[in-house]
Amino acid sequence: MTNKASNKKIIFGVTGSIAAYKAPSIVRSFKQKDYDVQVVLTSGGCRFTTPLTLSTVSGNTVLKSMWDDQGTWHNHVRLAKESDLLIIAPASANCLAKMANGLCDEMLYALYLSATCPVIVAPAMDLDMWKHSSVQRNIAQLAQDGVYVLEPATGFLASGLEGQGRLPDVEDITAFAEDVLSQSAQAS
């Protein structure tokens, strides 16, 4: 019997948040459920986790740029069209602002603008950043644009403060993504 997830393709974006250290565990969780995961790492994300780690757990080369080291162009339109889900976890405040305003200076944002599949963001940042009116405005805009928002969890943060801003647990992210995929399949 073939697992239902075996033919599902996920683009998994990782941005510049301290919570990016959790990304390999999330990718591994999707792989264990037999999803094909293509990781896309922003320049900020590279500061918190490595392409080697993410490539190892995903089984695919990690994309960081529109071009590879040999100057070959990665077709963001094709990748976006072939995917069943785009999930960004963690989504930094910078990422949310770029998405909400249609900025496209990295591969991940080109994929977002080309995506016709469901898109999920799982924001992670310090509690005062999360509460900031500009971040909340960007979240509201993304929700209005049809992006699914998995709100941050509450707990201890990297800053030493406690409050809402933590990346949700791996199991919560995976379950949320599978719910979105299920809804999308039912709507088709």
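V77 lies in helix 3, which spans residues 76-81. In this predicted model, V77 is partly exposed, with a relative accessible area of 37%; the value falls in the partly exposed class because burial requires under 20% and exposure over 50%. The C-alpha atom of V77 is separated by 8.9 Å from that of L113, although the two residues are 36 residues apart along the chain.

The buried residues of helix 5 are M107, L108, Y109, A110, L111, Y112 and S114.

An open sheet is formed by 5 strands in the order 2-1-3-4-5, with parallel pairing. Strand 2 (36-41) and strand 5 (148-149) stand at the edges; each has a single partner strand, so one side of each is left without a neighbour in the sheet. In general, strands of a sheet pair through backbone hydrogen bonds, in either a parallel or an antiparallel sense.

Within this sheet, strand 3 (residues 85-91) pairs with strand 4 (residues 119-123) in the parallel sense over 4 bridges. L86 stands opposite V119 in strand 4, and A91 has P123 of strand 4 as its bridge partner. Strand 4 also pairs with strand 5, again in the parallel sense, over 2 bridges. The bridge partner of I120 in strand 5 is Y148.

Strand 4 is buried in 5 of its 5 residues, so it is largely enclosed by the rest of the structure. From this strand, V119, V121 and P123 point one way, whereas I120 and A122 point the other way, and all are buried. Helix 8 (residues 170-187) lies across strand 3, strand 4 and strand 5, and runs at about 155° to strand 3.

Helix 8 is also among the elements that cover the buried residues of helix 1; the others include strand 1 (9-14), strand 2, helix 2 (51-58) and strand 3. In helix 1 (residues 23-32), the buried residues are A23, P24, I26, V27, S29 and F30. Helix 1 is followed by D34, which has a positive phi, near 75°.

The ring centres of F30 and Y35 lie 5.7 Å apart and the ring planes stand at 90°, so the pair is edge-to-face. Both F30 and Y35 are buried. Together with F12, these two residues form one aromatic cluster.

In general, rolling a probe the size of a water molecule over the atoms shows where empty space is left. The largest pocket has a volume of about 280 Å³. This pocket is lined by 20 residues, of which S17, I18, A19, M125 and A158 are the closest to its centre. Helix 4 (93-100) and strand 7 (162-166) are the elements that give two or more residues to the lining of the largest pocket.

How values were computed
Residues numbered from 1 in each chain as written. Predicted model: local features only at pLDDT ≥ 70, side-chain atom pairs only at ≥ 80, totals over all residues. Heavy atoms only, no water. Phe/Tyr/Trp six-rings, centres within 6.5 Å; stacked < 30°, edge-to-face > 60°. Buried < 20%, exposed > 50% of the residue type's maximum accessible area, 1.4 Å probe, protein only. Pairing = 2+ DSSP bridges. Contact = heavy atoms within 4.5 Å. Axes fitted to C-alpha atoms, helices over the stretch in contact; angles between N-to-C directions. 1 Å grid on protein atoms, 1.4 Å probe; cavity = no way out; pocket = protein on both sides within 12 Å on 5 of 7 lines; lining within 4 Å. Points joined across faces, edges and corners; volume = space filled by probe spheres on them.
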